Amino acid sequence: MPRTPNETGPASSANAPKKAAKSAKKTADVRAGRVAIVGRPNVGKSTLLNALVGQRLAITTPKPGTTRTVLLGVHDGTDDEGRRTQIAFLDTPGLESPRSVLGRVLVEEAQGALDGVDAIALMVDATDVARAGDLAPADQRVLALLGEANKPVVLVLNKVDRVKDKGKLLPALEKLATTKPGQKTRFTALVPISASRGTGVSGLVSELRGHLGAVVDGVGLLYEDDSLTDRPERFFVAELVREAILGATREEVPYGTAVLVDEWVEEGRMVRVGVTIVVEKDSHKGILIGARGSKLKEIGEAARIAMESFLERKVFLRTFVKVVPGWTKDAEKVRRLVRDGSLP
Ligand SMILES: Nc1nc2c(ncn2[C@@H]2O[C@H](COP(=O)(O)OP(=O)(O)O)[C@@H](O)[C@H]2O)c(=O)[nH]1
Ligand SMILES: [Mg+2]
């Protein structure tokens, strides 16, 4: 068979080492840093964290006020140009004017996450923006809360999959890109995404990359190569019980619930887990347990299935319901239950 020029000709062999050198330079261009994801409740912050980490770390529900603690998730990947980017993302409780003591502690949590980040991803609902042609007043209040942090803010417009008339989003984006004519916005970028579908997520990483520090010879990387989070397994197990409760109960019951893990025994390929579900009223205890224990059984089943998939082990789950009267109205009790995971 005759050798064709593009098989082993001098041109292609000369090309090969040049190509390798170029890609080595690219992979050496590593950046790492921390980014807080903030925004109103229910805009999709936790869904984005899960998409970025590639695992369901944060519980997500259609109900506002689901996330109670700052949760770290490590994204470690390459951008569109093959450059390694490691970002420690902080998912935060929703920022809004707190109407309760519990809400106040959650806002404290979220604001605390802003110290020490390289950039802030402010998430808003793109359908609100398309409708109003601007940031909704509640989003503007969140933006005002970020003022003191003095960090670069990337505006993330989530749920673009739900914007029917995409044409309405464009003028809003143009308006947000400039505040008044001739005046620059305070956002370093506007990034429309769909966290649940994963659209635009890698573009967001590329955008955030510009605000991170360079890593030279591995110095500056934040976490071990394979770590996804800094929380122990039992934290996620408690969260999965809370997710099951959010899914099975209504109105104020799930908001007055906290979950503590008080037993954790590894028995070969099985884990024996005991949890205490804390509620704030006797009537809530009755609702949670249900007729002949039917509600609690449903919650336990759903939580156990989720735990087995998360832990990749068989789980034996024991649940116990305890009333701590009015705990959501007492800042000290809220901190013990929500932040420390212990009984007040
Ligand atoms: N249609 C659509 N729904 C989304 C998207 N991202 C999140 N959601 C939904 O919005 C709700 C709130 O999400 P969650 O991540 O818990 O919001 P958070 O309170 O900001 O953490 C859930 O029902 C999600 O499934 C998205 O990109 N598109
Ligand atoms: Mg959340």
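Select helices α9 and α11, whose crossing is right-handed (a crossing is left-handed if the near helix is turned anticlockwise from the far one by less than a right angle, and right-handed if clockwise). Helix α9 covers residues 233–248 and helix α11 residues 294–311, and their axes come within 9 Å and cross at roughly 140°. That angle makes α9 oblique to α11, where under 35 degrees counts as roughly parallel, over 145 as roughly antiparallel, 65 to 115 as roughly perpendicular and the rest as oblique. Axes here are lines fitted to C-alpha atoms, for helices over the stretch in contact, with angles running from 0 to 180 degrees between N-to-C directions; helices (H or I, at least four residues) and strands (E, at least two) are DSSP runs, numbered from the N terminus.

This is a predicted model, in which local features need pLDDT of at least 70 and side-chain atom pairs count only at pLDDT 80 or more, while totals for chains, interfaces and linings use all residues. Residues are numbered from 1 along each chain as its sequence is written, chains are lettered from A and ligands numbered from 1 in the order in which they are written, and side-chain values use heavy atoms, with hydrogens and water left out.

Next, select helix α4 (residues 101–112) and helix α12 (residues 331–340), whose axes come within 9 Å and cross at roughly 55°. These two helices are therefore oblique to each other, and α4 passes α12 in a right-handed crossing.

Now move to ligand 1, which 17 residues surround, the closest being Asn42, Gly44, Lys45, Thr47 and Asp161 (near means that a heavy atom of the residue lies within 4 Å). Helix α3, residues 45–53, gives the most to this shell, with 3 residues.

Which atoms of ligand 1 lie by the side chains of aspartate 161 and serine 194? A nitrogen atom of the ligand is 2.7 Å from an N or O atom in the side chain of aspartate 161, and an oxygen atom of the ligand is 3.1 Å from one in the side chain of serine 194.

Finally, select lysine 159, in the loop between β5 (153–158) and α7 (169–177), which has a positive phi of about 70° although it is not a glycine. Glutamate 312, in the loop between α11 and β10 (314–323), has a positive phi of about 55° and is likewise not a glycine.

Conventions: Polar contact = N/O pair within 3.5 Å; in protein donor to acceptor, adjacent residues only side chain to side chain.
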